[in-house]
Amino acid sequence: MGPNNVDRALAAAEHDAAIPVSPTPTHHELPHRTSAEIERVISASSVSSASSHSARGRRPSTVGTGMSRVSTSRDIPPTELGRIQTARSQHSATVGRSIRSRRSRASLVKPLPPFGAGKPYPPLLPNQEDFVVEFDGPDDPLHAQNWPLAKKLLTAVMLGYTTMIASFGSSIFSAATRAVAAHFDVSPDVSLLGVSLYVLGFATGPTFWAPLSELKGRRLPLVVSMLGFTIFNLACGSANDFQTVLISRFFGGFFGACPLAVVAAVFSDMFDNRTRGMAITVFSMTVFTGPMLAPFIGGFMVEDESIGWRWTSYLMAILGLVAFVIDLMFLHETYPPVILVSKAAELRRRTLNWGIHAKQEEIEIDVKELITKNFSRPMRLLFCEPIVTLLSVYMAFIYGLLYLFLTAYPFVFMGVHGMSTGVAGLTFFGMVIGQILAGVTVLLQQPWYSKKLAANNGVPVPEWRLPSVIAGGAAFAIGLFWFGWTGYTKDIHWIWPTLSGLMTGFGLASIFLQALNYLVDSYLMFAASAIAGNTFLRSLAGAAFPLFARYMFDGMGIQWASTLLGCVAVALVPIPIIFYMYGDRIRAKSAYAPTFAAAPGAAESETGDDSELGHGEKEGPSSVARPDMDTAQRAV
């Protein structure tokens with residue numbers, strides 16, 4: 001906060017302290033509200049106080065959303081309204097924010113305990129909302145979207161590096177599996193568990209890191225996770241037995257999952273609707289190119305007897321330590337509710353007014369809600385929603401093949417063409433280039449998508465995302481056939497199976513980038529749960545596929561194993577085609593996918609709270625006129 005803003009805040013606080021507290025105004029006496037007041041969210045206590053008012057015959061307008069419905073369109077333009085609406089919905093969707101909390105349950109079970117020391121209960125405090133700190137309008141420099149561009153880019157580079165090393169660590173161990181098997185006297189297939197358990201950590205980690213990032217902010221989980229990532233990679237490199245290697249790899253993946261789950265949310269905090277799509281695309285490229293860049297580095301390290309397999313883990317520990325130091329020293333908090341917590345703490349110290357606080361500080365952790373939002377609901381969506389189920393199966397197959405290639409490529413380039421481990425790893429650059437081409441294609445489509453979005457009054461049609469998925473599915477299947485039938489014999493030059501990676505890489509990235517966006521557009525306020533279920537299933541596939549790859553390619557041969565996988569890929573291509581043709585009808589029957597059209601004054605209405613809608617409850621047009629894409633895209 002700049003000095004001028006602090007001085008203004010202090011002056012206002014001193015002025016307010018000198019004014020006697022007036023009774024809460026009635027409906028006809030509501031004062032004019034500035035833009036800084038728009039994002040106030042009704043707390044549990046204020047809802048409780050409103051309930052008595054409701055019992056007298058008037059229903060408060062905050063029921064169901066936990067937000068004020070005071071119209072503000074006359075005060076600020078729609079774009080600024082959208083930003084404030086995002087901050088409000090971010091807070092209302094935070095774990096533990098449910099108004100159906102332990103407060104109401106406890107009051108029904110037992111009476112209040114004595115106040116203590118013989119004291120009577122004190123009178124009620126003044127209106128709690130008067131002590132809640134907020135942003136100083138939509139242009140407050142504290143908000144991450146108002147940071148200078150140089151600061152945003154520096155943060156993006158730091159977090160891109162952090163994400164890259166996490167995904168990089170998932171595959172660098174694949175080059176060391178034979179050496180590890182020989183060192184600990186286990187079979188090469190068993191040593192592949194080091195890869196599978198790391199990816200399994202990717203499946204379980206987000207259930208912890210994602211809610212933590214919404215309770216304590218983005219910076220703390222990222223810093224802590226990089227420290228844990230460093231420690232467990234050191235443990236893996238110095239292991240004296242095989243079980244220590246496996247345990248360390250699993251927890252390395254668990255801690256490495258944090259940037260994969262949180263960094264996209266950081267980008268959502270920093271970038272607005274115009275630039276967020278491009279930022280998320282670049283971020284996603286670091287996730288998918290990382291596993292393809294590691295094998296050749298690990299291969300050359302394992303080949304050098306003076307380095308050995310242990311340095312594949314030591315290298316990851318060094319890279320993780322660099323990320324930990326950089327994030328600890330230079331990463332600033334971006335999550336708006338937690339930024340306000342810091343602002344409130346500063347004002348409390350400087351004004352000596354203990355009542356000043358941020359909305360985030362009113363949150364009480366509810367274990368039942370944590371379980372519901374982070375496990376129960378994602379599983380219901382995964383197994384009960386056709387869109388989530390079929391797309392997750394498709395993406396699980398694609399993601400599994402990403403890690404199956406870590407075994408398939410050595411079969412072709414080492415087994416058939418006689419390359420060394422390091423040189424064979426260089427052939428993955430075909431897939432890397434294909435993924436980059438897919439990312440560029442998605443970025444080039446952004447102006448076209450923005451025009452269609454503007455023409456539709458800002459309401460996204462999810463099916464606009466699917467042409468890229470369909471094209472990517474066809475390219476991916478072609479790449480599999482190409483790889484198998486050019487790689488099974490050394491009579492065909494090695495460049496041809498290498499070039500097949502252009503198609504498989506392009507298809508893989510196209511499918512993932514736009515299929516994830518399709519889930520976000522389809523489920524909006526439930527997007528976090530839909531993506532969580534999707535991530536769980538595809539991470540299981542990523543962990544399982546490498547374990548049977550060796551048996552499949554040995555037993556069937558390279559060409560026929562690739563043909564089988566290509567046929568499965570072809571069989572799955574109709575999934576996005578069906579959704580492109582009938583997706584709107586399927587969503588209309590969904591209990592979770594909202595179906596509504598753009599409406600005048602859409603910016604004035606609130607989004608529903610993910611934590612407030614139970615199984616089978618569907619948010620309809622009457623309660624939501626326009627989706628809040630900012631909150632939904634934090635899930636990607």
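Predicted model: local features only at pLDDT ≥ 70, side-chain atom pairs only at ≥ 80, totals over all residues.
Colleague: Where is Ala117 found?

Modeller: Ala117 sits in the loop that links helix H4 (102-109) to helix H5 (149-172).

Colleague: And what about the phi of Ala117?

Modeller: Ala117 is not a glycine, yet its phi is positive, about 60°. For background, most residues other than glycine have a negative phi.

Colleague: Which residue after H14 has a positive phi too?

Modeller: That would be Leu352, which follows H14 and has a phi near 60°. Leu352 is not a glycine either. Its place is in the loop between H14 and H15.

Colleague: Buried or exposed, that Leu352?

Modeller: Leu352 counts as exposed, because its relative accessibility is 73%.

Colleague: What else lies in the loop between H14 and helix H15?

Modeller: Lys359 does; helix H15 covers 367-384.

Colleague: Which side chain does the side chain of Lys359 make a polar contact with?

Modeller: The partner is Glu129, and the contact is 2.6 Å, side chain to side chain.

Colleague: Let's go to H14 itself. How far apart are its end C-alpha atoms?

Modeller: They are 22 Å apart. Helix H14 has 16 residues (336-351), and at 1.5 Å a residue it should span 22 Å, so the two values agree.

Colleague: Which residues of H14 are buried?

Modeller: Here is the set: Pro336, Pro337, Val338, Ile339, Leu340, Lys343, Ala344 and Leu347. As a general point, an α-helix has 3.6 residues a turn, so residues three or four places apart point the same way.

Colleague: New topic: confidence. What pLDDT does the protein chain average?

Modeller: The average is 77, and 75% of the residues score at least 70.

Colleague: Which elements have the lowest and the highest mean pLDDT?

Modeller: Helix H2 (residues 44-55) has the lowest, at 34, while helix H10 (residues 219-237) has the highest, at 95.

Colleague: Where does pLDDT stay under 50?

Modeller: One such stretch is residues 17-81, with 88 contacts beyond four places in sequence in the model. Another is residues 596-636, for which the model has 120 such contacts.

Note on methods:
Residues numbered from 1 in each chain as written. Heavy atoms only, no water. Helix = DSSP H or I, 4+ residues; strand = E, 2+ residues; numbered from the N terminus. Expected span 1.5 Å × (residues − 1). Buried < 20%, exposed > 50% of the residue type's maximum accessible area, 1.4 Å probe, protein only. Polar contact = N/O pair within 3.5 Å; in protein donor to acceptor, adjacent residues only side chain to side chain. pLDDT = per-residue confidence, 0-100. Contact = heavy atoms within 4.5 Å.
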